[in-house]
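Take a walk through this structure, one stop at a time. Keep the sequence and the 3D view side by side.

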Amino acid sequence: MKVGFVYDPVYLKHDTGQHVENAKRLEAIISHLEKTRLKQQLTPIEPGAASIEEISLVHHKQYISHIQDVAQRGGGWLDADTVTSPNSYEVAVYAAGGAIKATEAVMDGEVARAFALVRPPGHHATSQRAMGFCLFNNVAIAAKYALAKYNLERLAIIDFDVHHGNGTQEIFYDNPQVLYISTHQHPFYPGTGSIEETGVGEAKGTTVNIPLPAGCGDAEYLQVFDQIVVPAARRFKPQLILVSAGYDLHWADGIALMQVSVTGFAQMVKIIKGLADELCSGRLVFSLEGGYNVTALAASVKATFDVLLGNTNIEDPLGQSPHRFAAPTITHLIKKAIKEIHNLP
Ligand SMILES: [Zn+2]
């Protein structure tokens, strides 16, 4: 059972200066995978550039040219959070291509599961707007590509980044072929992702938002996964599961206020892997989104690979939060999601 990973030094060339989303994130992941000898258990997948046709499965052609123009003119800020450098367009094209190649490797059976270690991240990018450090929506592009190339009827995107993936939601809001499930801190950036946002038309019910109060830790996330994510995925019966894997819900991550540990990530990944094994012959593709404490990020990504490989000894070098404050109760929220909004078993 091979587990693949996409990585290439090209991803370091999106130069964001002192920004929290910087090349050190991927450098920390790769160096940790090497130091722990985990990397030699993995199968490398070459990324390759996405074509304009592939990117335009999701983004308007004018928007794609706009990103290219800004980079060619030397880069600059696309919104208050999102900065580009001269190489950013090329890197973003490779990030989308990385998510596509990881998906192809899984769909073609070259590997059982794969993780695209790419940047810039993607889940905030809408069809025509860069935001929240994201230029092209890598997961959405891989999803559209998989639906088209492999003639799939249904796939699921599970997004556990601490932020709501507003871009991914918007792109598939009226698409009944894609189940989008997001757990995120709420209220928080970008403001979307309320429990009442469930999709429109034929896609009503195929967007599942689980807006969580600040302070949730492993126990709360596992409750949500067991009681909402699992039954929602089972009902939808996806043929492929894509994951927007953001690690900014780790307790040591300064960008948000959740209390998840490396052990918690491992347990969430185990549930997702179980769903893929049960529902879609194991077909599972992760794509990196957030995660800004590089030590926590590297340890969490390694734990993710350990679970995907079936390794049982999961190291958690950071442990639980030393300043753990009382977690909020989310029983009411879960009940509402199950009974009133999504009518889950
Ligand atoms: Zn995030």
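Are D161 and H163 buried or exposed? D161 is buried, and H163 is buried too. Here buried means under 20% relative accessible area, exposed means over 50%, and partly exposed lies in between, with a 1.4 Å probe and protein chains only.

Before going on, note what you are looking at. This is a predicted model, where local features need pLDDT of at least 70 and side-chain atom pairs count only at pLDDT 80 or more, while totals for chains, interfaces and linings use all residues. Residues are numbered from 1 along each chain as its sequence is written, and side-chain values use heavy atoms, with hydrogens and water left out.

Now look at the zinc ion. D161 (OD), D161 (OD), H163 (ND1) and D248 (OD) coordinate the zinc ion at 2.0 to 2.7 Å. Donors are N, O and S atoms within 2.8 Å of the metal (3.2 Å for Na, K and Ca); water is not among the atoms, so sites may look incomplete. Along the sequence, the donor residues follow the spacing D-x1-H-x84-D. Why is the arrangement irregular? The four donor atoms subtend angles of 52 to 154° around the zinc ion, and this makes the arrangement irregular. Four donors count as tetrahedral if all angles lie between 85 and 135 degrees; four count as square planar and six as octahedral if opposite donors are over 155 degrees apart and all others between 65 and 115; anything else is irregular.

Next, the aromatic rings. The structure holds nine aromatic pairs. Rings of Phe, Tyr and Trp (its six-membered ring) pair if their centres lie within 6.5 Å; planes under 30 degrees apart count as stacked, over 60 as edge-to-face and the rest as tilted. Take Y63 and F136: their ring centres are 6.1 Å apart and their planes stand at 80°, so the pair is edge-to-face. Both Y63 and F136 are buried. A second pair is Y247 and F265, with centres 4.9 Å apart and planes at 65°, so this pair is edge-to-face. Y247 counts as buried at 1% relative accessibility. F265 counts as buried at 0%. Finally, Y63, Y89 and F136 form one aromatic cluster.

End at Y173. Y173 and E197 are 24 residues apart in sequence, and their C-alpha atoms are 9.0 Å apart in space. Leaving out residues up to four places away in sequence, Y173 touches E197, T198, G199, V200, A203 and T207. Contact means heavy atoms within 4.5 Å.
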